[in-house]
Amino acid sequence: MTLRHFRIFSEVCRQESITLAAESMNMAQPAVSYAIKEMENYYETKLFERMNRRLYITEAGEQLLLYTDSILAQFDEARDVLRDKNAVTKVKIGTNVSYGISWLPELTAGFLKQYPEIPLYTLVENSRQIEEKLLRNELDFGIMDYPMHAEYFITNLMKEETMSVVCAEQCPLPSCIDIQKLQEIPLLLKEEGSGSRSLIESLLNKYKILPEIVMESSSDRSLMEACSQGRGVLFLTTAEVAPYISSHRLREIQIEGIEINRAYYLVYHKSKFLTKSMKCFKNYMEQKEN
């Protein structure tokens, strides 16, 4: 297999079409088809299913695509670095929403003060999306919840913080409830794929609670606004809800005998080539950890 094969495969996946991939790469359609056939013969598996004149990537193709994107990105990255090994390169960081709201501004300001010559790119998405981009080598580092596919990553614990359970200031709920009470209370939760959602779902599953979810959102502000209007109970980090509590729009509820803690990890791919700039960022994060 050559880089040409991988570039063709990646483009066919992106376009979901042999014809469109050929046009995009300025190649003849039979040449693209032959390259895909060569890959399927080499790996002894189907990479695409062809139905009703459409291409559908198979499970094997999905697995190969993860490696393909990483291989191509690392090849381009190594070429650029080796052409000028002393060049300052951009560091691409993804953080989950909770860390992005509470800690990212302080982190970036501190790093840029120490390394003003190194450009930073930051992306705030949920932990699942960050992990997917790390697997595809679209990001250099993630600051996120513990990855689902930890076998592919180097993972270092960076920070822990408590989660708060909050309701509207005028909500009739007592200040301390038994966890089984959550079976009867409407809940407001982050979207599927977010770290806090996974954490709360694990807690509810542990106590066999089937929640009544009345709102899901990727926007913390939307959830806090809905909570302040009495729509239900909300789980968010203490740092995020603190302004709403201090302004008496929300109040905290304790769950008897239970404290919920959330951890953030610095995550990067095991096969990631670390440029000089990336090593500076990694060292900076390790100093903050200590």
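In the predicted model, helix 9 and helix 10 cross with right-handed geometry. The axes of helix 9 (residues 220-228) and helix 10 (residues 238-246) approach within 11 Å, at a crossing angle of roughly 40°. The two helices are therefore oblique to each other, as angles under 35 degrees would count as roughly parallel and those from 65 to 115 as roughly perpendicular. Helix 9 contributes D220, R221, M224 and E225 to the contact, and helix 10 contributes E240, V241 and Y244. Classified by residue type, this contact comprises four charged and three nonpolar residues, with no polar ones. Within helix 9, the buried residues are D220, L223, M224, A226, C227 and S228. G230, which follows helix 9, has a positive phi near 85°.

A total of 14 salt bridges is present in the structure. One of these joins D145 to R262, with an N to O distance of 2.6 Å. This pair connects distant parts of the chain, 117 residues apart: D145 lies in the loop between strand 5 (141-144) and strand 6 (153-168), whereas R262 belongs to strand 12 (residues 261-269). Both D145 and R262 are buried.

A further salt bridge pairs R54 with E16, their closest N and O atoms lying 4.0 Å apart. Here, too, distant parts of the chain are linked, as R54 in strand 2 (residues 54-57) and E16 in the loop between helix 1 (3-15) and helix 2 (18-24) are 38 residues apart. R54 is partly exposed, its relative accessible area being 44%.

E184 and K181 form another salt bridge, at 3.2 Å from N to O. E184 counts as exposed at 56% relative accessibility, while K181 is partly exposed at 32%.

Notes: Residues are numbered from 1 along each chain as its sequence is written. This is a predicted model: local features need pLDDT of at least 70, side-chain atom pairs count only at pLDDT 80 or more; totals for chains, interfaces and linings use all residues. Side-chain values use heavy atoms; hydrogens and water are left out. Axes are lines fitted to C-alpha atoms, for helices over the stretch in contact, and angles run from 0 to 180 degrees between N-to-C directions. Helices (H or I, at least four residues) and strands (E, at least two) are DSSP runs, numbered from the N terminus. Angles under 35 degrees count as roughly parallel, over 145 as roughly antiparallel, 65 to 115 as roughly perpendicular and the rest as oblique. A crossing is left-handed if the near helix is turned anticlockwise from the far one by less than a right angle, and right-handed if clockwise. Contact means heavy atoms within 4.5 Å. Ala, Val, Leu, Ile, Met, Phe, Trp, Tyr, Cys and Pro count as nonpolar, Asp, Glu, Lys and Arg as charged, and the others, Gly among them, as polar. Buried means under 20% relative accessible area, exposed over 50%, partly exposed in between (1.4 Å probe, protein chains only). A salt bridge is a side-chain nitrogen of Lys or Arg within 4 Å of a carboxyl oxygen of Asp or Glu.
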